[in-house]
Amino acid sequence: MKSLQDYIIVIRPDNNGTFVPYIPVISGCHAWGQTPDEARAELVYVFEMIQEEYKEQGRSLPEDVELVITNAS
């Protein structure tokens, strides 16, 4: 069974002063928090819920993707 450590986690600042962590390859796997650490801690709970949903549906979590970061020019 996959764990949160098997995935790339992106944490971005939001325009209201909070932080939004998400796993790009898992739709709906995102959370928020007042600090990056708090946001990541919240993502743990969301990941566990999604993992349980996948298990109940007899599905496997997707493989991670390679993340490419670039700036628009």
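**Ring contacts, hairpin and core of the predicted model**

Arginine 59 lies over the face of tyrosine 54, at 4.1 Å from the ring centre, where a charge is taken to sit over a ring if NZ of Lys or CZ of Arg is within 6 Å of the ring centre and within 35 degrees of the ring normal. The model is a predicted one, in which local features need pLDDT of at least 70 and side-chain atom pairs count only at pLDDT 80 or more, while totals for chains, interfaces and linings use all residues. Residues are numbered from 1 along each chain as its sequence is written, and side-chain values use heavy atoms, with hydrogens and water left out.

Strand β1 (residues 10-13) and strand β2 (residues 19-22) run antiparallel and are joined by four bridges; strands (E, at least two residues) and helices (H or I, at least four) are DSSP runs numbered from the N terminus, and two strands pair if DSSP finds at least two bridges between them. Valine 10 stands opposite tyrosine 22 in β2, whereas proline 13 has phenylalanine 19 of β2 as its bridge partner. Five residues lie between the strands of this hairpin, in which glycine 17 takes a positive phi near 90°.

Tyrosine 54 also belongs to the largest nonpolar core, which has twelve residues, including Cys29, Ala31, Leu43, Val46 and Leu61; such a core is a set of buried Ala, Val, Leu, Ile, Met, Phe, Trp, Tyr and Cys residues joined through side-chain atoms within 4.5 Å. With residues up to four places away in sequence not counted, cysteine 29 touches Pro21, Tyr22, Ile23, Leu43, Val46, Phe47 and Ile50, contact being defined as heavy atoms within 4.5 Å.

Alanine 31, in the loop between β2 and α1 (36-56), counts as buried because its relative accessibility is 9%, the term buried meaning under 20% relative accessible area, exposed over 50% and partly exposed in between (1.4 Å probe, protein chains only). Although alanine 31 and phenylalanine 19 are twelve residues apart in sequence, their C-alpha atoms are 8.4 Å apart in space. Among the residues that alanine 31 touches, again not counting those up to four places away in sequence, are Phe19, Val20, Ala39 and Glu42.

Within helix α1 is found glutamine 51, which counts as buried because its relative accessibility is 16%. Leaving aside neighbours within four places in sequence, glutamine 51 is in contact with Met1, Lys2 and Leu61.
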